Amino acid sequence: MSDTTEADQGTIAGTKRRQEMKDYKRILVTAALPYANGPIHIGHLAGCYLPADIYTRYQRAQKRDIRFVGGSDEHGVPITIRAMKEGISPQQVVDKYHALIKESLEQMNISFDIYSRTSNKVHHDTASAFFKKLYDDGLFEEKETEQYYDEKTKTFLADRYITGECPICGNPNAYGDQCERCGSSLSPEQLINPKSTLSDAVPVKKKTRHWYFPLQNYENWLKEWILEGHKEWKNNVYGQCKSWLDSGLQSRAMTRDSNWGIKVPLPNTEGKVLYVWFDAPIGYISATKELTDQWADYWCREDTKLVHFIGKDNIVFHCIIFPAMLKAHGNFVLPDNVPANEFLNIEGDKVSTSRNWAVWVHEYVKDFPGCEDVLRYVLCANAPETKDNDFTWKDFQDRNNSELVAIFGNFVNRGMVLMHKLCNGKVPPLHQDLLDDFDKGIIQEIEGIKTKVEYLIEQYKFREALYEVIDLARKGNKYLQEKEPWKKAAPNPAETSQENQKQIDNCLHLCLQLTANLAILINPFLPATAKKMLHLMKVVDKMLDWENAGKLKLLSIGYSLRAPELLFRKIEDAEISAQVEKLRAGSLKSEVRSAKSEIRSQTSDFKPQTSNTKAQIQYDDFAKLDLKVGTILSAEKVEKADKLLKLEIDLGYEKRIVVSGIALHFKPEEIKGKQVIVVANLAPRKMKGIESNGMILMAEDKDGKLIFVNPDQSVQSGSSVS
Ligand SMILES: [Zn+2]
């Protein structure tokens with residue numbers, strides 16, 4: 001480990017940190033396994049891949065023994081469902097997205113030592129053996145329960161995969177666990193006409209046997225380990241753990257009924273696989289095995305520092321369930337830290353892959369070739385480290401143009417240009433006797449930066465660390481402005497007085513040493529930029545070693561440097577408006593698009609994401625609907641049902657009674673005379689003892705407000721809608 005400077009000495013954090021690093025001989029970094037069910041978006045990058053990469057690159061520059069492992073999570077129900085919907089095999093689904101995700105991560109220079117996948121044999125073997133050990137040690141509870149089953153597709157159904165009519169508000173597409181129109185919590189038994197989302201079959205109850213991991217047996221140990229032992233964890237992580245632990249842990253099934261996944265390694269368990277959340281984190285162990293024969297050093301020795309980088313939706317798995325599994329197994333180290341990030345929203349709205357409200361990484365690299373570092377910069381400068389943050393294209397442009405271009409790039413460029421103009425393209429000497437206060441000030445800044453930045457990175461405060469680096473470039477610009485070396489030069493540089501030339505030399509010498517320092521400091525964050533800077537300075541990679549940070553003799557006097565080239569380009573308004581438009585258009589399109597490309601953004605399998613899109617239908621399906629324009633003749637509240645209104649609707653050829661769940665939104669007297677669109681051939685259904693004959697169409701905005709769908713001018717009741 002490199003020496004520490006004065007600024008660090010005497011502080012508790014500094015002492016503690018030195019202690020920590022002395023104890024750890026090696027570091028193992030993991031980043032959440034992305035779910036191989038769709039491409040990755042910038043929220044994934046900001047959540048865990050970028051911070052993990054920054055941390056790893058920094059530790060590598062520190063010459064520490066570090067490995068960075070990851071891979072695709074390729075099991076779980078959503079993959080089988082997607083395969084079923086697309087008419088391809090689960091293997092085809094994961095092959096496609098594993099390749100796409102891996103490529104996107106490489107393009108963004110996320111420098112995994114290995115990026116593996118959980119469908120590999122080594123992982124199947126590792127996860128099976130892990131399960132078998134816990135089983136042999138008698139740590140599972142075996143239980144038989146009844147679960148909903150789709151006989152057509154021969155699949156057990158999670159509540160989310162059952163839909164039907166909400167008994168409260170009549171929403172025809174309520175889920176087995178919740179109605180999203182009225183917000184009621186439901187169970188599948190309560191749904192009217194329940195059906196499987198996979199096949200439309202009516203789900204039946206079927207007995208099934210599973211192995212449960214009794215988390216409650218680890219509750220006391222977890223409380224001590226986290227709540228007492230890891231108070232240094234980030235507040236958002238610690239807080240979430242505390243609330244899980246305070247509300248009490250329960251047994252959780254670690255197996256599932258499915259044919260896709262890791263087979264339960266016990267006799268007579270055909271059609272049963274390990275629960276995806278049991279097998280996925282073991283993927284970190286498997287990937288390390290694949291990477292090196294010395295894998296056990298990283299997993300089984302107490303002097304390994306294990307760090308899991310994840311998004312906040314994975315906290316419970318990485319801080320509670322996986323550590324309990326590791327503890328139960330007994331042979332493995334536990335994480336030293338789990339620096340989870342919060343979520344990154346896009347243009348003020350939550351990322352929704354089903355609504356296509358996302359910025360996809362594979363599209364970004366196509367739209368902004370050579371600008372990978374710009375995205376890395378913006379996502380780190382605006383990282384959701386402590387709370388949800390917002391990505392906007394305008395902010396992306398501003399940060400590029402006013403920070404990367406105007407501060408960092410500008411400083412590097414000015415120093416190089418002036419050196420070529422005023423110092424013959426060579427690193428000028430430093431005249432110690434002539435150093436003024438400005439020179440001494442910038443020297444102090446250079447010498448002090450190393451401890452500041454490394455302290456912040458070790459604390460997982462990447463945003464602040466990056467700020468310090470940019471701030472140093474900002475100080476460089478200020479220094480140049482104060483010194484104005486161009487004013488000291490004669491119109492013909494050869495005629496500059498010796499005294500003035502020495503002043504110029506000092507200024508540009510320091511600017512160039514500062515530039516070399518900036519390359520070292522920016523390298524973990526913007527590796528491609530650091531590489532470009534090395535090229536301009538004609539120096540080798542070794543200069544980027546962290547121990548060189550803060551030094552003032554990185555470039556030798558008299559060394560000739562290349563002609564300057566711009567590090568960053570300006571991003572134009574037109575590029576930004578094109579992206580905003582693309583985002584809005586893509587999102588709009590997805591509203592009417594098939595759920596074929598419904599993509600889960602995160603790897604949580606507990607509750608599939610809410611989707612606003614539905615499975616694709618054929619025209620014939622649509623043509624089955626008899627849509628008519630109706631006019632509301634009267635409306636009245638339904639007794640003992642807050643949400644329901646009984647409507648009498650004139651359909652021209654007849655009058656109908658329709659019960660509708662809109663009472664919280666409209667008063668009966670308000671809607672008399674309104675025209676509405678009625679699904680006229682919907683099978684009748686009793687609600688609170690009233691037979692409802694049809695349904696009216698309502699639009700629902702994002703705040704849950706209902707708006708009538710009706711013709712934009714009055715038409716005759718009974719007119720067809722098609
Ligand atoms: Zn409802």
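Reply: Along the chain, the donors of the zinc ion follow the spacing C-x2-C-x9-C-x2-C, where donors are N, O and S atoms within 2.8 Å of the metal (3.2 Å for Na, K and Ca), and sites may look incomplete since water is not among the atoms. Cys-169 is in the loop between strand S6 (162-165) and strand S7 (174-175), while Cys-179 is in the loop between S7 and strand S8 (192-196), so this pair ties together parts that are 10 residues apart in sequence. Helices (H or I, at least four residues) and strands (E, at least two) are DSSP runs numbered from the N terminus. This is a predicted model, in which local features need pLDDT of at least 70 and side-chain atom pairs count only at pLDDT 80 or more, whereas totals for chains, interfaces and linings use all residues. Residues are numbered from 1 along each chain as its sequence is written, and side-chain values use heavy atoms, with hydrogens and water left out.

The protein donors are the SG atoms of Cys-166, Cys-169, Cys-179 and Cys-182, which lie 2.2 to 2.3 Å from the zinc ion. The arrangement is tetrahedral because the 4 donor atoms subtend angles of 106 to 113° around the zinc ion; four donors count as tetrahedral if all angles lie between 85 and 135 degrees. For four tetrahedral donors, the ideal angle at a metal is 109.5 degrees. Cys-169 is buried, with a relative accessible area of 2%, and Cys-179 is buried as well, at 0%. Buried means under 20% relative accessible area, exposed means over 50%, and partly exposed lies in between (1.4 Å probe, protein chains only).

Turning to the strands, 4 of them form an open sheet in the order S5-S4-S9-S10, with antiparallel pairing; two strands pair if DSSP finds at least two bridges between them. The edge strands, which each pair on one side only, are strand S5 (155-156) and strand S10 (251-253). Strand S9 (residues 204-214) runs antiparallel to S10 and is joined to it by 3 bridges, and Tyr-212 stands opposite Ala-253 in S10.

Elsewhere in the chain, charged side chains make contacts of another kind, and the count comes to 44 salt bridges, a salt bridge being a side-chain nitrogen of Lys or Arg within 4 Å of a carboxyl oxygen of Asp or Glu. One of them joins Glu-86 and Arg-82, at 3.0 Å from N to O, and these residues are separated by about one helical turn because they are 4 residues apart in helix H3 (residues 77-86). Glu-86 is partly exposed at 27% relative accessibility, whereas Arg-82 is buried at 5%. Another joins Lys-272 to Asp-257, whose closest N and O atoms are 2.8 Å apart. Lys-272 lies in strand S12 (residues 272-274) and Asp-257 in strand S11 (residues 255-257), so this pair ties together parts that are 15 residues apart in sequence. Lys-272 counts as buried at 10% relative accessibility, and Asp-257 is buried with a relative accessible area of 16%.

For the chain as a whole, the secondary structure comes to 20 helices and 26 strands. The C-alpha trace spans about 105 × 70 × 45 Å along its principal axes, and buried residues make up 56% of the 722 residues.

Conventions:
Four donors count as tetrahedral if all angles lie between 85 and 135 degrees; four count as square planar and six as octahedral if opposite donors are over 155 degrees apart and all others between 65 and 115; anything else is irregular.
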